[in-house]
Amino acid sequence: MRNAASGNPQESRNGAVDWAAWLQEYGPRLLLYARQQTRSEADAEDVMQEALVQLVHAVDSGNFKGGNAQWLSYTYTAIRHQAMDKGRREEVRKQYAEHEQEGMKEGEPDEPWLHCAADDEYLRKRVEKLLKSLPKEYAEVIVLKIWGEHTFQEIADMTATKLPTVTSRYRYAMQAMRKALEDDPIEQ
């Protein structure tokens, strides 16, 4: 059940939240963000699941502050933190097993993390390549702004970054992508 005015789930008759409807509405953009934050599809799914479990526990325990209007921002922030934690853990493992990591990288397929149902494969690969060529902080802002449909202020809050920095990263990222497309235009 949805509250049409706010876009947030309502409680059903028995008092339970309709998580399935909420996840159906926001899941694809959350997964895209998780893909941008992690190194593989499996990591993205793990990070997103951990963030969603964290949200559900916070809501069910009554510890969540801000009401259901803040659930999406909370989940984006949780995904970011989970991805950073996962990255740190992987870096430690890498230090202890450098030779094993090198062997895995050679055999590891290059899985796409940007999925756009309306785009053809060539365009999807091209946009993904452009995003991956950007510094991680720039790509993060692009994904949150364009696919996440967040304001610059929301992005600043989620990433704990100053608003002018967020807008500069967006501007520089767009300039870099525009230059890359001028140098190597997308085939029609």
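**Group meeting: aromatic rings in a predicted model**

Let's start with a residue: Trp71 is buried, with a relative accessible area of 5%. Keep that tryptophan in mind, because Trp71 will come back in a moment, and its 5% is under the 20% cut-off for buried.

Hi everyone! Before going on, please remember that this is a predicted model.

Now the overall picture. The chain has two strands and eight helices, and along the sequence the order reads β-β-α-α-α-α-α-α-α-α. Of its 188 residues, 36% are buried. If we take contacts between residues at least 6 apart in sequence, 56% of them join residues at least 24 apart.

A pair of aromatic rings is described by the distance of the centres and the angle of the planes. How many aromatic pairs are there? The count comes to eight. One of them is Trp22 with Trp71: their ring centres are 6.2 Å apart and their planes stand at 75°, so this pair is edge-to-face. Where do the two partners sit? Trp22 belongs to helix H1, residues 19–37, and Trp71 to helix H3, residues 71–96, so the pair links parts of the chain 49 residues apart. Trp22 is buried too, at 1% relative accessibility. Together with Trp19 and Tyr26, Trp22 and Trp71 form one aromatic cluster.

Finally, which charged residues lie over rings? Lys145 is over the face of Phe152, 4.4 Å from the ring centre. Arg171 has its charged end over the ring of Tyr172, 5.2 Å from the centre.

Note on methods
Residues are numbered from 1 along each chain as its sequence is written. This is a predicted model: local features need pLDDT of at least 70, side-chain atom pairs count only at pLDDT 80 or more; totals for chains, interfaces and linings use all residues. Side-chain values use heavy atoms; hydrogens and water are left out. Rings of Phe, Tyr and Trp (its six-membered ring) pair if their centres lie within 6.5 Å; planes under 30 degrees apart count as stacked, over 60 as edge-to-face and the rest as tilted. Helices (H or I, at least four residues) and strands (E, at least two) are DSSP runs, numbered from the N terminus. Buried means under 20% relative accessible area, exposed over 50%, partly exposed in between (1.4 Å probe, protein chains only). A charge sits over a ring if NZ of Lys or CZ of Arg is within 6 Å of the ring centre and within 35 degrees of the ring normal. Contact means heavy atoms within 4.5 Å.
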